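Hello,

Here is the structure for you to look at. My notes follow below it.

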Amino acid sequence: MWAREYELIYIARPDLADEDLLKILDRTKGIITDRDGHILVEDEWGKKKLAYEVKKYAKGHFMYLLFLGTPEMVNEIERTLRIDEGCLRFLTVKIEDRVHIVDRIAEQAEIDAAAPEKGSDDDDDDDDRDRDRDRDRDRDRDRNRDRDSDLGAGS
């Protein structure tokens, strides 16, 4: 049997209670599973700052779903997200047009088995150190460039 592979990212209001966030997620997953779709990946990205305000919110709660389904399923998911006042934005992207369902589910199971457990490595500290190092390097480079340009202008 064949299906299309989609990826869905939606942003919920940051002030929603956990129960309301769970309602949106359960409704979306229900649409997929009720119509014989398969969820491959479900990932909560958490609350993040938005690049610009959306409906007067500077932050949003991000959710990611990778699933196998049909265009009709996507239409229904997008219709319900459009109606839901808790959803600020959403984007659905077709990843593959024709995927063999059994093979893709097995492939995703292998990927999940090979991936380290979420939260087992404490890479956040490394990321923070890398970000701080890059910021300091850029700041020093800018200072040196400004100093050099000031010296060159005075000659």
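T80 is buried, at 13% relative accessible area (buried is under 20%, exposed over 50%, partly exposed in between, with a 1.4 Å probe and protein chains only). T80 lies in helix α2, residues 71-83 (helices are DSSP runs of H or I of at least four residues, strands runs of E of at least two, numbered from the N terminus). Not counting residues up to four places away in sequence, T80 touches R27 and I31 (contact means heavy atoms within 4.5 Å).

This is a predicted model: local features need pLDDT of at least 70, side-chain atom pairs count only at pLDDT 80 or more, and totals for chains, interfaces and linings use all residues. Residues are numbered from 1 along each chain as its sequence is written, and side-chain values use heavy atoms, leaving out hydrogens and water.

The largest nonpolar core has 18 residues (a core is a set of buried Ala, Val, Leu, Ile, Met, Phe, Trp, Tyr and Cys residues joined through side-chain atoms within 4.5 Å). Helix α1 gives the largest share of this core, 5 residues. I77 is among the residues with the most contacts inside it.

Now the rings. There are 3 aromatic pairs (Phe, Tyr and Trp rings, the six-membered one for Trp, with centres within 6.5 Å; stacked under 30 degrees between planes, edge-to-face over 60, the rest tilted). Y6 and F67 are stacked, with centres 5.6 Å apart and planes at 25 degrees. They come from strands β1 and β3, 61 residues apart. F67 is buried at 0% relative accessibility.

Best wishes
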